[in-house]
Amino acid sequence: QVQLVESGGGLVQAGGSLRLSCAASGRSLSSRSMGWFRQAPGKEREFVAAISWTGDIIYYSNAAKGRFTVSRDNAKNTVYLQMNSLKPEDTAVYYCAASAAASPLTGAATQPRAYDYWGQGTQVTVSS
């Protein structure tokens with residue numbers, strides 16, 4: 001089992017930045033692909049970013065590209081999402097997710113079904 005805990009959310013003005021962290025306990029994240037998703041009220045959960053376990057393959061949604069950066073520190077069992085130039089439409093609960101062990105990062109990483117473990121989410125609110 002992998003337990004994931006997100007942190008770093010909060011209230012920020014448009015144009016500001018936040019850095020989300022996802023800390024894992026239980027099993028190691030070092031062989032798992034990791035993803036970030038978000039869900040706004042009344043909307044489906046949507047893909048934000050994903051990173052392979054080596055960190056050499058990264059995917060971003062069109063909304064995140066150029067503004068968000070995903071990274072990981074396997075020694076610390078932690079994944080990060082640096083969010084810059086935030087917009088009100090980025091307001092959502094942000095979730096991190098972990099794949100099964102030794103799962104390569106593929107295009108399926110943009111879908112929630114590619115992940116076996118989820119955190120409880122952290123709220124990000126961007127005011128205009």
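**Figure 1. Strands S4 and S5 in the predicted model.** Strand S5 (residues 46–51) runs antiparallel to S4, and five bridges join the two strands. The model shown here and in the following views is a predicted one. Within this pair of strands, Gly35 lies opposite Ala50 of S5. The hairpin formed by S4 and S5 has six residues between its strands. In that hairpin, Gly42 adopts a positive phi near 80°.

**Figure 2. Strand S4 and its pairing with strand S9.** S4 also pairs with strand S9 (residues 92–98), in the antiparallel sense and over six bridges. Gly35, which faces Ala50 in S5, has Ala97 as its bridge partner in S9. Strand S4 covers residues 34–39, and five of these six residues are buried, so the strand is largely enclosed by the rest of the structure. In a regular strand, side chains alternate between the two faces of the sheet.

Figure 3. Arg38 belongs to strand S4. Is this residue buried or exposed? Arg38 has a relative accessibility of 7%; because the limit for a buried residue is under 20%, Arg38 counts as buried. Its side chain takes part in two polar contacts shown in this view. One joins the side chain of Arg38 to that of Glu46 at 2.5 Å, and the other links the side chain of Arg38 to the side chain of Asp90 at 2.9 Å. Leaving aside neighbours within four places in sequence, the residues in contact with Arg38 include Glu44, Arg45, Val48, Ala63 and Phe68. Glu89, Ala92, Val93 and Tyr94 are also among the residues that Arg38 contacts.

**Figure 4. Asn77 in the loop between strands S7 and S8.** Asn77 is placed in the loop that lies between strand S7 (68–73) and strand S8 (78–83). What is the phi of Asn77? The angle is near 55°, a positive value in a residue other than glycine. Most residues other than glycine have a negative phi.

**Figure 5. Ser85 in the loop between strands S8 and S9.** The loop between S8 and S9 holds Ser85. Although Ser85 is not a glycine, its phi is positive, at about 50°.

**Figure 6. The protein chain as the setting for the close-up views.** The secondary structure of the protein chain consists of eleven strands and zero helices. The radius of gyration is 13 Å, close to the 14 Å that the globule rule gives for 128 residues, so the chain is as compact as a globular protein of that length. Along the principal axes, the C-alpha trace spans about 40 × 25 × 25 Å. Of the 128 residues, 45% count as buried. Among contacts between residues at least 6 apart in sequence, 61% join residues that are at least 24 apart. The protein chain exposes about 6300 Å², of which carbon and sulfur atoms supply 49%.

Notes
Residues are numbered from 1 along each chain as its sequence is written. This is a predicted model: local features need pLDDT of at least 70, side-chain atom pairs count only at pLDDT 80 or more; totals for chains, interfaces and linings use all residues. Side-chain values use heavy atoms; hydrogens and water are left out. Buried means under 20% relative accessible area, exposed over 50%, partly exposed in between (1.4 Å probe, protein chains only). Helices (H or I, at least four residues) and strands (E, at least two) are DSSP runs, numbered from the N terminus. Two strands pair if DSSP finds at least two bridges between them. A polar contact is a pair of N or O atoms within 3.5 Å; within protein, one must be able to donate a hydrogen and the other to accept it, and residues adjacent in sequence count only if both atoms are side-chain atoms. Contact means heavy atoms within 4.5 Å. The radius of gyration is taken over C-alpha atoms; the globule rule is 2.2 Å times the number of residues to the power 0.38. Accessible areas come from the Shrake-Rupley method with a 1.4 Å probe; for residues, only the protein chains shown count as cover.
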